[in-house]
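Let's take a friendly walk through this structure together. Have a look at the model below, and then we will go through it piece by piece.

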Amino acid sequence: MPIQVRDLKFKPFLTAEQIHLRVEALGAAIRNDLEDKAPLFIGVLDGAFIFAADLIRAADIPCEIAFVKLNSYSGTTSSGSVKETIGLNKPVEGRHVVIIEDIVDTGRTLKAFTELLQQKQPASLSIASLLLKPDALQFPLPVDYLGFKIPDKFVVGYGLDYEGGGRELKGIYQLITTE
Ligand code: IMP
């Protein structure tokens, strides 16, 4: 059943159950790797708030949680063009850090943010992303905990938005294109 978000139509792409199963598996992998390391999870707002909440509970290990809001500037090819708009309120040095992102598209935002974090000398730095569009990737980066590789088509739901809409959807929906 197609749904409407703002002026666009989307079709079901991943069900809530598919997402749930995958998030549980990623949580188990994180637990396996970091159980005794008290990791610092850093969720990237706004889109990752639902994934972060589910992933952290799926990992179910002692941890700390912080959120950042990032702005990446399009129109520049530099991966350094990212700005923390809501800053990190937790020290990173010596911590095992896991960045939680909703989707890696070109990779620009996350590449720049990981470089910024590396300068703060964490004990380790890994990336969890629910979605990755391999065909859109311009700034390759290792995603240690990846939910799904998806085609280069716009998606909404489970925290991801189109013009501020669609974040509340329990599943993920893909833009219906006419080609
Ligand atoms: P990147 O810097 O190009 O990797 O862009 C990543 C950010 O763009 C994500 O955190 C999302 O906020 C947004 N984004 C990229 N693709 C989509 C999509 O298909 N749906 C919703 N937001 C997207």
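We begin with Phe-10, which stands opposite Leu-175 in β10. Strand β2 (residues 8-14) and strand β10 (residues 172-175) run antiparallel and are joined by four bridges; strands here are DSSP runs (E, at least two residues), while helices are runs of H or I with at least four, numbered from the N terminus. This is a predicted model, where local features need pLDDT of at least 70, side-chain atom pairs count only at pLDDT 80 or more, and totals for chains, interfaces and linings use all residues. Residues are numbered from 1 along each chain as its sequence is written, and side-chain values use heavy atoms, leaving out hydrogens and water.

Now step back to the sheet. It is open and antiparallel, with four strands in the order β1-β2-β10-β9; two strands pair if DSSP finds at least two bridges between them. β1 (3-5) and β9 (155-156) are at the edges with a single partner strand each, so one side of each has no neighbour in the sheet.

Next, turn to helix α3 (residues 108-118), where you will find Phe-113. Is Phe-113 buried or exposed? Phe-113 is buried, with a relative accessible area of 0% (buried means under 20%, exposed over 50%, partly exposed in between, with a 1.4 Å probe and protein chains only). Leaving aside residues up to four places away in sequence, Phe-113 touches Ile-42, Val-68, Leu-70, Val-82, Glu-84 and Ile-99, where contact means heavy atoms within 4.5 Å. Pro-134 lies 21 residues from Phe-113 in sequence, and their C-alpha atoms are 19 Å apart in space.
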